[in-house]
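Biologist: I am new to this structure. Please take one part and look at it closely, then connect it to the rest.

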Amino acid sequence: MAGTRLLSGAMEMARNELTLARRNSTKVVLIVTGSRPTKLAATYSAARHLRRAADKLMFAAVNSNEQALQEYASWGSKPAEENVLNLGGFDNLNTLDTVNNLVTSICEDVGKA
């Protein structure tokens, strides 16, 4: 199945990893994705379960159109403006500005320093 995106499976894997986290830690999941998933209904369900397990579910969108950004906004934590980051192209993943933006979005204490 070359070229498909089984985002629901990745979300389930992330949720399973959260069971290994310390109880008192803040659980943040950042999903970097570049296209719409193969199974929309399964992805919606997996996102709902992951949001319940995590304190914060964020999406970093790469090469995503408006429809995909709206889907990420519905799946991620609220407010969507803080939890869906449109990174543009893949080349932007390697810039210091992008890394700083991701870190400050994930770690609220870093943004306050």
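Modeller: Arg-15 and Glu-12 both lie in helix 1 (residues 7–18). They are 3 residues apart, about one turn of the helix. Helices here are DSSP runs of H or I with at least four residues, strands are runs of E with at least two, and both are numbered from the N terminus. This is a predicted model, in which local features need pLDDT of at least 70, side-chain atom pairs count only at pLDDT 80 or more, and totals for chains, interfaces and linings use all residues. Residues are numbered from 1 along each chain as its sequence is written, and side-chain values use heavy atoms, with hydrogens and water left out.

The side chains of Arg-15 and Glu-12 form a salt bridge, at 2.7 Å from N to O. The term means a side-chain nitrogen of Lys or Arg within 4 Å of a carboxyl oxygen of Asp or Glu. Arg-15 is partly exposed, at 28% relative accessible area. Glu-12 is also partly exposed, at 25%. The cut-offs are under 20% relative accessible area for buried, over 50% for exposed, and partly exposed in between (1.4 Å probe, protein chains only).

Leaving aside neighbours within four places in sequence, Leu-6 is in contact with Thr-38 and Lys-39. Contact means heavy atoms within 4.5 Å. The C-alpha atoms of Leu-6 and Thr-95 are separated by 27 Å, and the two residues are 89 apart along the chain.

The structure holds 2 salt bridges. What does Arg-36 pair with? Its partner is Glu-71, with the closest N and O atoms 2.5 Å apart. Arg-36 sits in the loop between strand 1 and helix 2 (40–53), and Glu-71 in helix 3, so this pair ties together parts that are 35 residues apart in sequence. Arg-36 is partly exposed, at 30%. Glu-71 is buried, at 13%.

Strand 1 and strand 2 (residues 56–62) pair over 6 bridges. Pairing requires at least two bridges found by DSSP. Val-28 stands opposite Lys-56. The bridge partner of Ile-31 is Phe-59. Val-32 stands opposite Ala-60.

Strand 1 has a covered face with Val-29, Ile-31 and Thr-33. Its uncovered face has Val-28, Leu-30 and Val-32.

Finally, the whole chain. There are 6 helices and 3 strands. From the N terminus, the elements run α-β-α-β-α-α-β-α-α. With 113 residues, a compact globule would have a radius of gyration near 13 Å, and the 14 Å of this chain agrees. That radius is taken over C-alpha atoms, and the globule rule is 2.2 Å times the number of residues to the power 0.38. The C-alpha trace spans about 45 × 35 × 25 Å along its principal axes. Buried residues make up 35% of the 113 residues. Among contacts between residues at least 6 apart in sequence, 73% join residues at least 24 apart.
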